[in-house]
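Let's take a walk through a protein model together. Have a look at the picture, and then we'll go through it piece by piece.

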Amino acid sequence: MRDGNSTPPGGLAGDQGSDASAAPTVPAPGDIAGEPGSVHVILSPDRTTIVLSGEVDADLGADLAQASTDAEQAGVPIEVDAHHVTFMDSSGVAFLARLAMRTPHRVRLLHVPPTVQFLLEVTRIGELLDVVEDDHQA
């Protein structure tokens, strides 16, 4: 005997079986990712430039720590270019604070997007950095 909730032998009409790949998938809200973050260190004789881009978050923790170490060891002034940062969490803020506290020169932060500027103001980390407002000072 079969009720309205059971599946007849052979499946429902038009049912191709229980192949999960045939069903449309919708990503869960946590699975929708933005641009992956990246950290690049450019060493030159007179300065170190660290270029941040994409989502600067805990996923970049090891890369941020390595960039900090590389910049500190170079012993020259540090610039951080944040032009292409789309998101920053406490990992990025901690990275900037670590640079500011561990290097003998003031760290210059270039091309700061509004989302990063907000974090600098709220956390007051911006007071430890020289935030360059326009390209002529860079």
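**Two helices side by side**

Axes here are lines fitted to C-alpha atoms, for helices over the stretch in contact, and angles run from 0 to 180 degrees between N-to-C directions. Helices (H or I, at least four residues) and strands (E, at least two) are DSSP runs, numbered from the N terminus.

Which residues do the touching? On the α1 side, they are Leu-64, Ala-65, Ala-67, Ser-68, Ala-71 and Glu-72, and they meet Ser-91, Gly-92, Phe-95, Arg-98, Leu-99 and Arg-102 of α2; contact means heavy atoms within 4.5 Å. Sorted by class, that makes 6 nonpolar, 3 polar and 3 charged residues. In this sorting, Ala, Val, Leu, Ile, Met, Phe, Trp, Tyr, Cys and Pro are nonpolar, Asp, Glu, Lys and Arg are charged, and the others, Gly among them, are polar.

A quick word on where this comes from. The model is predicted, so local features need pLDDT of at least 70 and side-chain atom pairs count only at pLDDT 80 or more, while totals for chains, interfaces and linings use all residues. Residues are numbered from 1 along each chain as its sequence is written, and side-chain values use heavy atoms, with hydrogens and water left out.

Now zoom out. The protein chain has 3 helices and 5 strands, and from the N terminus on they run β-β-α-β-α-β-α-β. The 5 strands form an open sheet in the order β1-β2-β3-β4-β5, with mixed pairing. At the edges stand β1 (38-43) and β5 (130-132), each with a single partner strand, so one side of each has no neighbour in the sheet. From one strand to the next, the twist averages 20°.

Strands of a sheet pair through backbone hydrogen bonds, either parallel or antiparallel. Two strands count as paired if DSSP finds at least two bridges between them. A hairpin takes β1 to β2 through 4 residues, and these two pair in the antiparallel sense over 6 bridges.

Buried means under 20% relative accessible area, exposed over 50%, and partly exposed in between (1.4 Å probe, protein chains only).

Finally, visit two loops. His-111 sits between β4 and α3, has a positive phi of about 55° although it is not a glycine, and is partly exposed at 27% relative accessible area. Arg-124, in the loop between α3 and β5, has a positive phi near 65° and is exposed at 53%.
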